[in-house]
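The following exercises concern a single protein model. Please work through each task before reading its solution.

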Amino acid sequence: MRISRRTFAAAAVALLLPLSACGSGGDDGGSTDASGKVEGDITFQTWNLRANFKPYFEGLIADFEKKYPGTHVKWLDQPAEGYADKISADAAGGTLPDVVNVSPDLVAPLAKAGLALDLDKAASTYKSEYLDGAWASHEVPGLSGTYAFPWYLNTGPLFYNKALFKEAGLDPSTPPKTYDELFADAVQLAKKSDGRVATLANVPTVEDFGRYGVQLMNKEGTGFAFNDAKGVQLLTKYKELYDAKALDPQALTATPESSGKKFLTGAVAMNPGSALDLGNFKKQAPNLYRNIGITDQITSTGHVNMYVMGVMVNSRTRHTPAAVAFAHFVTDARNQMSFAKKVAIFPSTAGSLDDPYFTKEDGTDETRVRIAAAKSLKNAVNYTPVLFSEQMKTALRNEVAKALQGKESPEAALDNAVKACDQLLKQQG
């Protein structure tokens with residue numbers, strides 16, 4: 001599986017677990033003490049990684065078993081499709097592996113069910129090895145603790161068309177950084193082009209509300225809060241963009257692919273992307289490629305959004321020291337750096353992003369984008385609430401569409417979205 005920003009965005013799947021679910025160790029559970037001797041047989045489950053990275057993981061496991069004689073790691077890999085359902089079934093049936101590859105939304109119900117080991121208690125000594133935002137990404141609202149080691153990260157810089165900015169009388173060397181700057185530039189771009197050039201091709205998502213500075217949930221994790229005054233302000237601004245043709249008219253039904261095509265043809269001035277996109281521009285749109293600018297995601301908080309994967313330890317494991325040691329081994333700086341050089345992802349370990357691999361230009365497009373993304377990740381956060389399911393994303397998108405079309409006021413739309421999401425939250429238990 002090619003790991004990309006879009007893969008992360010598509011990976012969030014709702015997961016329901018009965019609170020009575022038990023782990024692989026049985027009802028009586030295992031020890032939360034990770035300080036004992038590292039020994040015993042453990043199972044490690046990844047998420048659709050065997051096909052492309054089998055040699056890497058076999059080498060990783062061999063290195064661990066050599067470092068800790070008396071351990072044996074059995075590697076399991078599950079397909080991408082149905083992964084959440086597989087974890088749910090294993091948790092309910094008592095067959096959850098000892099160490100599990102998870103995303104924050106997948107760890108939340110496991111933590112609520114008491115199946116995810118609290119690393120703040122069992123492995124706090126390792127916390128300083130990771131970026132603050134990455135470690136915090138596996139916290140669960142309503143619970144105290146951190147429930148997975150952060151593993152690989154991803155993010156995407158924004159591409160922008162310098163020629164379109166210049167034609168609109170904007171300085172192509174100073175692209176917008178905050179939402180206020182974005183809105184002002186977008187209106188000018190639309191006005192100067194008589195509505196032919198939109199700045200954006202996508203409606204606001206929950207990450208946009210987060211980057212705008214909206215509080216997404218209450219502190220207890222019992223309800224959503226993005227319908228506050230700041231949230232209404234953001235959606236009102238997007239409505240103004242939509243009316244001014246500064247937001248592409250097809251934004252309500254846009255996909256990453258359709259947005260990319262709009263950017264390619266010059267109908268849209270800004271779009272998120274990757275090094276792969278730069279290669280396509282060079283081949284398919286040389287004029288765009290010559291005028292391409294790369295900048296950070298728009299944010300009014302000073303922190304961009306990141307997508308994060310994690311490695312969770314089953315709290316019911318019979319071999320807590322070995323499971324914790326292996327989860328840490330998979331995610332330590334050396335092994336994350338090794339993995340990052342095999343696929344377009346970024347390590348979550350502190351200091352790793354200062355490596356020349358992420359800072360030194362070599363003239364290639366791939367490096368150019370990698371350096372831009374790595375720079376923004378150092379203080380990035382995962383804005384998507386760990387309890388925000390795919391159904392909730394759909395509910396928000398539907399209400400945003402109604403507001404942009406003038407069928408509801410921005411305030412009513414967000415009130416309805418929060419109401420729908422709160423109802424879905426209650427169904428999660």
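**Exercise 1.** How many positive and negative side chains does the protein have, and how far apart do the centres of the two sets lie?

Solution. The model is predicted: local features need pLDDT of at least 70, side-chain atom pairs count only at pLDDT 80 or more, and totals for chains, interfaces and linings use all residues. Residues are numbered from 1 along each chain as its sequence is written, and side-chain values use heavy atoms, with hydrogens and water left out. Lys and Arg count as positive, Asp and Glu as negative, while His and the chain ends are not counted. Each charge is placed at NZ of Lys, CZ of Arg, CG of Asp or CD of Glu. The protein then has 46 positive and 48 negative side chains, with the two centres 6 Å apart.

**Exercise 2.** State whether A340 is buried or exposed, and list its contacts.

Solution. A340 counts as buried because its relative accessibility is 2%, the cut-off being under 20% with a 1.4 Å probe and protein chains only. Beyond neighbours within four places in sequence, A340 is in contact (heavy atoms within 4.5 Å) with I345, P347, Y357 and F358. The C-alpha atoms of A340 and Y357 are 9.6 Å apart, at a sequence distance of 17 residues.

**Exercise 3.** Identify where pLDDT stays under 50.

Solution. The predictor's confidence in each residue, pLDDT, runs from 0 to 100. The protein averages 90, and 93% of the residues score at least 70. Over residues 1-29 pLDDT stays under 50. Where pLDDT is low, predicted coordinates should not be read in detail.

Technical notes:
Buried < 20%, exposed > 50% of the residue type's maximum accessible area, 1.4 Å probe, protein only.
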